[in-house]
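Here is a short briefing for a first look at a structure. Keep the sequence and the 3D view open as you read.

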Amino acid sequence: MRTLACLFLVLLSLSSCYEDNQDPSASPVHAWVPQYMPVADVQQIGIQTAKATQQAGKIYAFGNYLFQNDVQQGFHVINNTDKKHPVKLAFLKVPYSTEIAIRGNFLYTNNLNDLVVIDISNIQSPRVVKRIEKVFPVIDQKFPPVSNAFFQCPDPAKGVVVKWELKPVTGAACRR
Amino acid sequence: MKKLSILFFLGCAFFWQCSKDAGSALVGTPSGTGGSLARFTLLGTYLYTVDDRQLKVFDVTNAGDPVLKNTIDVGISIETIFPFKDKLFIGSSSVVYVYSVADPAKPQKLSEAVSPLIRWRCDPVVAKDTVAFATLRTNGPCGGTQSILACYDIKDVYNPVQKGSYFVSEPYGLGYAGDVLYVCDKSGLLVFDISKAYQPKLLKSLSGASYVDVIPFGDVLICWVTDGMIVYDITDNQNPVLLSKII
């Protein structure tokens, strides 16, 4: 009987770990923290001068042109007409992009959670002609990538959540 | 005179309409080509995308104005999509799903192929005629013990059967040109003769880089390597000749 009572007490003390709200003044716990970026920055798509490849990503061939994603940064645009001497023409900046497909003059890619369509008829002056929002669930805007965890409640006013990081914080008031 | 001008106007309108239709339909609009690790692929006038769980269908008849037509729950840990004729081969960490796009806006699941050898792996897949090739990588997060190049008989697409395999060390993307299959492996770029599809024969291995994926594109082979791209001439498809390295 005493054992049972002890067990009950142990369980009770454990259950207090799973309170829905954490006292903000409590000592730091490991919780998921959203990293924000202003919407305008996430959606800032444009052309830059050619640069060295940093983190080589997916490749794509279109006519005499080659494209290679620099992971989550954008695309190296390469003129491969002279096959022994390919030329990096430019870098098409698309934050949080990893994928690519091209049809006619239009390049499709993912810009974080959105599909964007970029007119590349003049590669030196690309134009975003369409955006379909939230078709790719890359970064959840409301919840961290795991359940049963404390996290800082996201504040949409601070921008787009581009990453969830697990770190020691106080005041992680949300849980799921 | 009035009649004439109306006719003229109608004629102009008709002509304009025709040219507009021709423009918006983009008949014969060229599409590009991706690798076997792609999550976006174009087939006909549709763009198909896969995320972790879902296949999405976008109508790109008007290339500048895609329209989301359909969203399909495929499974979990989806990684790749490869188009072949009127089918989509979707690779996940445990299954190869085959979808028919006979009705392009409404892909229908035909089958799921599970390797009898390996239950948990990462597997890009390409298809050629009645054979599908997949690399089943069991290293790292994919678990398992032995990686293989698997060859499936897909004559009966409802019932793919693994008929051949080849042990490899740590494979990634793959692609073929004619009777030659290129497989990216930790140990190098493996060049297989697949004239006997179920008995792939290793011809050579090109080392010197960590190969991730390939696009056979006409007479060139475009390779994604960990520090950029390497392009080979494959006019002689069994003997790739280095053209350039792009870093």
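How many bridges join strand 3 of chain A to strand 1 of chain B? Two bridges do so, and these strands run antiparallel. Note that this is a predicted model.

- Strand 3 of chain A covers residues 56–62.
- Tyr60(A) stands opposite Gly34(B), a residue in strand 1 of chain B.
- The open sheet has six strands, in the order 2(A)-6(A)-5(A)-4(A)-3(A)-1(B).
- Its pairing is antiparallel.
- Strand 2 (46–49) of chain A and strand 1 (33–34) of chain B stand at the edges. Each has a single partner strand, so one side of each has no neighbour in the sheet.
- In general, strands of a sheet pair through backbone hydrogen bonds.

**Where chain A touches chain B**
- Contacts link 32 residues of chain A with 39 residues of chain B.
- Several elements of chain A give two or more residues to its side of this contact: strand 3, strand 4 (65–70), strand 7 (100–103), strand 8 (106–111), strand 9 (114–119) and strand 10 (127–132).
- Strand 3 of chain A gives the most, with six residues.
- By class, the side of chain A that touches chain B has 20 nonpolar, eight charged and four polar residues.

**Domains of chain A**
- Domain 1 takes in 22–39 + 139–176.
- Domain 2 takes in 46–93 + 97–132.
- The C-alpha centres of domain 1 and domain 2 of chain A are 33 Å apart.

Notes
Residues numbered from 1 in each chain as written. Chains lettered and ligands numbered in written order. Predicted model: local features only at pLDDT ≥ 70, side-chain atom pairs only at ≥ 80, totals over all residues. Domains from an automatic or database assignment. Pairing = 2+ DSSP bridges. Helix = DSSP H or I, 4+ residues; strand = E, 2+ residues; numbered from the N terminus. Contact = placed C-beta atoms within 7 Å. Nonpolar A, V, L, I, M, F, W, Y, C, P; charged D, E, K, R; others polar.
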